[in-house]
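User: I would like to learn how to read a model like this one, feature by feature. Where do we begin?

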Amino acid sequence: MKPLWKLDRTPPIGTPFDPGARHDVIIVGAGLTGLSTAVMLTRAGLDVAVIEAGSVAELATGGNTGKLSLLQGKRLAEIRKHHSAALVQAYVEGNREGMDWLVGFADHAGVSYERRIDHSYAQDAGGIDSVREVHEAAREAGLETRMLTRRELAGAAFPAAGAVALDDQVTIDPALVTHALADELLSAGGTLHTGVRVTATHALPDPRVETPLGPMFADHIVIATGYPILDRGLYFAKMRAFRSYCVSFRLPGGVPDSTFISVDSPTRSIRPVSDADGPGGPARLVVGGNGHSVGRSDGETAAIDDLVEWTRRYFPDAEETHRWSAQDYQSNNQIPFVGAMPRGLGRIRFATGYAKWGLSNAPAAALRLTAEILGANWHDRPSWMVKIGTRLTVPADLARGAIEGAKVAAAATTGWVDAERRPVPAPKPAEGEGVVANRSGRPVGISTVDGVTRAVSAVCPHLGGVLDWNDAECTWDCPLHASRFTADGTRIEGPALQDLKPLPRKVGG
């Protein structure tokens, strides 16, 4: 489950942790958001430290498909259904500035990329209305899109009943450009600590972050993790988390020149890879899709196998090379959350909710965070920044949150009921499998990975959801608020801050 972008590549390591150190800004998370913000602030003369629990581009950034597009599938039409045309235009303009900044950085850093035509397409006639909605929303927001008919798409190797197209979009290696951001940060005198987990942040009496190695202090703190680890605003109730899958293939016969993503289900995302926008070697194709809410799937491995079967149906010579997944967050009001954290006294900021379009949203968020930290006057900020920063919650936002809350409640009930039906001792799981059983009224997660059978508490430390086994990645995933843990209980991501409690094994078979 290693992304294509991480093949034979060592990420920047950074510097040893210095407990008690003080900086102008501390940024938690070394993905695109964190490192773009760090570079912008360092260029402005601030002393910036980035702290990352894993390595650079560890999670969502490293699992990105590398598509940098303003068209964004059916995203614009989804926003337009619930918000004004002016807000959609502001969203597009913010993403345009984010895209321009990242491309400009890539030119400066010598990171190559490709310009391609991006398509939002319908797999069959039932999706044509959605394609039209995307086209109308895009044109209304100022994008020069055009409609394509089935006949004009006849050269596609896969079914396409129609599409909306946008020229001059970008494909880029997401890990490579993020590594380049880290390199600039370090060369400019910034600080990067990898392998250090932040366990808490405080605004009073002195803004600081806590880690197992000691505290670190700053005037400003930015939470740039996929989910904000400091949940002062109950964002677990304002967002939905999705896992989606990617498979890369070698194609001896060549690959399409353009990028595609379907507006109908199941999602199919097609992205060619060349020497200029990814790892070198034979022509490659990345196919993604089959997303689902975290911890609520009938089988993650089956979802990936379905992508492989689909690809080989239309590209018979395709040879699988890598498979991976990533986790993304979408706000219930459709627009990313960026800005001051509630009860953070203006010292703690965050960004999240990119709905799978982080390559443009991340630098756009970094531009907003940088403007706020530098104290830019509202009158001096771009109009898109002001418009998005002053939007109001509307009834539809609350309705979507209520619907998702009902789904969360149902998942919580189902998890506990299912666990009660499997008393311990339980049969020893086969290699790569896991099961939730009942021990004295408490759910226990039992799994076998790499020949080792382990038992951990199957109750998520964040609000007590019963975990579900992810058979593709051998992880425990929470269906309530999307926290994830390794087979031995180590936290990976999400609102939970603690690891799962290890338990004695009591299995048979």
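Analyst: With strand pairing. Two strands pair if DSSP finds at least two bridges between them. This model is predicted. In it, S12 and S13 form a hairpin with five residues between them.

User: How many bridges join S12 to S13, and do the strands run parallel or antiparallel?

Analyst: Two bridges join S12 (residues 259-262) to S13 (residues 268-273), and the strands run antiparallel. Phe260 has Ile270 as its bridge partner in S13.

User: Which way do the S12 residues point, and are they buried or exposed?

Analyst: Buried means under 20% relative accessible area. Thr259 and Ile261 point one way from S12, Phe260 and Ser262 point the other way, and all are buried.

User: Now S11. Which strands does S11 pair with?

Analyst: S11 (residues 239-250) is joined to S15 (residues 319-331) by twelve bridges, running antiparallel. Ser244 has Ala326 as its partner in S15. S11 also pairs with S14 (residues 284-293) over eight bridges, again in the antiparallel sense. There, Arg243 is partnered by His292. S11 is mostly covered, with eleven of its twelve residues buried.

User: How do I read packed helices?

Analyst: Two packed helices are described by the angle between their axes and the distance between the axes. Take H1 (residues 32-43) and H3 (residues 85-109): their angle is about 70 degrees and their axes are 12 Å apart. Angles of 65 to 115 degrees count as roughly perpendicular, and H1 and H3 are therefore roughly perpendicular to each other.

User: Which residues meet where H1 contacts H3?

Analyst: From H1 come Leu32, Ser36, Val39, Met40 and Arg43; from H3 come Trp101, Leu102, Phe105 and His108. By class, the contact has six nonpolar, two polar and one charged residues.

User: Last, cysteines. How many disulfides does the structure hold?

Analyst: A disulfide is a pair of cysteine sulfur atoms within 2.5 Å. The structure holds zero disulfides. Cys460 is in no disulfide, and its nearest cysteine sulfur, in Cys478, is 4.0 Å away.

User: Are Cys460 and Cys478 buried or exposed?

Analyst: Cys460 counts as buried because its relative accessibility is 2%. Cys478 counts as buried at 1%.

Methods
Residues are numbered from 1 along each chain as its sequence is written. This is a predicted model: local features need pLDDT of at least 70, side-chain atom pairs count only at pLDDT 80 or more; totals for chains, interfaces and linings use all residues. Side-chain values use heavy atoms; hydrogens and water are left out. Axes are lines fitted to C-alpha atoms, for helices over the stretch in contact, and angles run from 0 to 180 degrees between N-to-C directions. Helices (H or I, at least four residues) and strands (E, at least two) are DSSP runs, numbered from the N terminus. Angles under 35 degrees count as roughly parallel, over 145 as roughly antiparallel, 65 to 115 as roughly perpendicular and the rest as oblique. Contact means heavy atoms within 4.5 Å. Ala, Val, Leu, Ile, Met, Phe, Trp, Tyr, Cys and Pro count as nonpolar, Asp, Glu, Lys and Arg as charged, and the others, Gly among them, as polar. Buried means under 20% relative accessible area, exposed over 50%, partly exposed in between (1.4 Å probe, protein chains only).
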